Amino acid sequence: MTAVYIILGIAAALFLLSLLRVGVRIAFGDELRVTAMIGPVRMQLLPRPDKPEKEKTKKKEPSGEKKPEGEKKKERRLDLTKEDVRTALPAVWEALKKGLGKTRQRLRIDPMQVSAVLGGAIDPAGAAELYGYVNAGMWTVMPQLERLTRMPDPRIHTEIDFDAEQTKVSGEVGLSLQIRDLFTIGWAFAGPMVKWFMAMRRRRKAAEKSEAAAKAAAEKEAQQASGQGAGYTTT
């Protein structure tokens, strides 16, 4: 019976832990401020709080040859093309809606205050086109988010400044949810994102094969042309 009580105690502790609310609050604009929230605890992540200066101790230089400063380990990157992003956005949005639907409005977005001033001095037509895309996306996404989450007072402002060269975005956004909701949303993302990734891999392999075939055909034509030219001599 002792083992049963231990198992039940662990299960109860895990269940209570899954009900704990966690979140993040981000303020952006002139300065980026990020604060993490775990239950009643608040922890500032950015900018990092100042620490008292400590005496720097000299480190012993390791024996052996030193690596040149410019030499760095190569990192593998997942380079995404416009086609990859275009196909990913619908998958991400559908997965997000599915995951949020299962949380039953436990995800809280408060505050939601965003201001975007698009610079249109350099390219007025491009800025106007971007303004249209931003508003279309906002009016498509925001009603769904308000239905699937708790968003008490959303405030989003967009405009074009034809005298400004740069786009300025500022505001403050806070997200909080229960730990169990993280697993719910993550599970909802798993299927669609795996399908998108596999489709992206197939597109890239097909493009690589097509490029290799075109390259081989070009090399073959070049060899044939050089062989035909070698058969003629001039005097």
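R25 counts as partly exposed because its relative accessibility is 35%; the label covers the range between buried (under 20% relative accessible area) and exposed (over 50%), worked out with a 1.4 Å probe on protein chains only. This is a predicted model, so local features need pLDDT of at least 70 and side-chain atom pairs count only at pLDDT 80 or more, while totals for chains, interfaces and linings use all residues. Residues are numbered from 1 along each chain as its sequence is written, and side-chain values use heavy atoms, with hydrogens and water left out.

Back to R25, which has a partner: R25 forms a salt bridge with E172, and the closest N and O atoms are 2.8 Å apart. A salt bridge here is a side-chain nitrogen of Lys or Arg within 4 Å of a carboxyl oxygen of Asp or Glu. R25 sits in strand 1 (residues 21-28) and E172 in strand 6 (residues 168-178), so the pair ties together parts that are 147 residues apart in sequence. Side chains of opposite charge can pair when their charged atoms come close.

A search of the whole structure turns up 5 salt bridges. Another one joins R106 to D181, again with the closest N and O atoms 2.8 Å apart. R106 is in the loop between helix 2 (82-103) and strand 4, and D181 is in helix 4 (residues 179-230), so this pair ties together parts that are 75 residues apart in sequence. Both R106 and D181 are buried. Then there's R155 with D153, whose side chains meet in a salt bridge at 3.1 Å, N to O. D153 counts as partly exposed because its relative accessibility is 39%.

Leaving aside neighbours within four places in sequence, T103 is in contact (heavy atoms within 4.5 Å) with L148, D181 and I185. T103 counts as buried because its relative accessible area is 1%.

Now zoom out. The protein chain has 4 helices and 6 strands, and from the N terminus on they run α-β-β-β-α-β-α-β-β-α. Both kinds of element are DSSP runs numbered from the N terminus: helices are H or I with at least four residues, strands are E with at least two. Of the contacts in the protein chain with a separation of 6 or more, 77% are between residues 24 or more positions apart. Buried residues make up 19% of the 235 residues.

Next, the largest pocket, with a volume of about 290 Å³. A pocket is an open set of points on a 1 Å grid over the protein atoms alone, with protein on both sides within 12 Å along at least five of seven lines; lining residues have an atom within 4 Å of a point. The volume is the space filled by probe spheres set on the points, which are joined across faces, edges and corners. Helix 3 gives the most to the lining, with 6 residues. Strand 4 (108-119), helix 3 (124-148) and strand 5 (154-161) each supply at least two. Among the lining residues are M112, M138, M142 and H157.

Finally, look at the surface. I6, I10, L14, L17, L20, I38 and V41 form a nonpolar patch there. Helix 1 (residues 2-18) supplies the largest share of the patch, 4 residues. I10, in helix 1, counts as partly exposed because its relative accessibility is 48%. For a patch, residues need over 30% relative accessible area and no salt bridge; nonpolar side chains (Val, Leu, Ile, Met, Phe, Trp, Tyr) are joined within 5 Å, like charges within 9 Å.

How values were computed
Accessible areas come from the Shrake-Rupley method with a 1.4 Å probe; for residues, only the protein chains shown count as cover. On a 1 Å grid over the protein atoms alone, a cavity is a set of points where a 1.4 Å probe fits but cannot get out, and a pocket is an open set with protein on both sides within 12 Å along at least five of seven lines; lining residues have an atom within 4 Å of a point.
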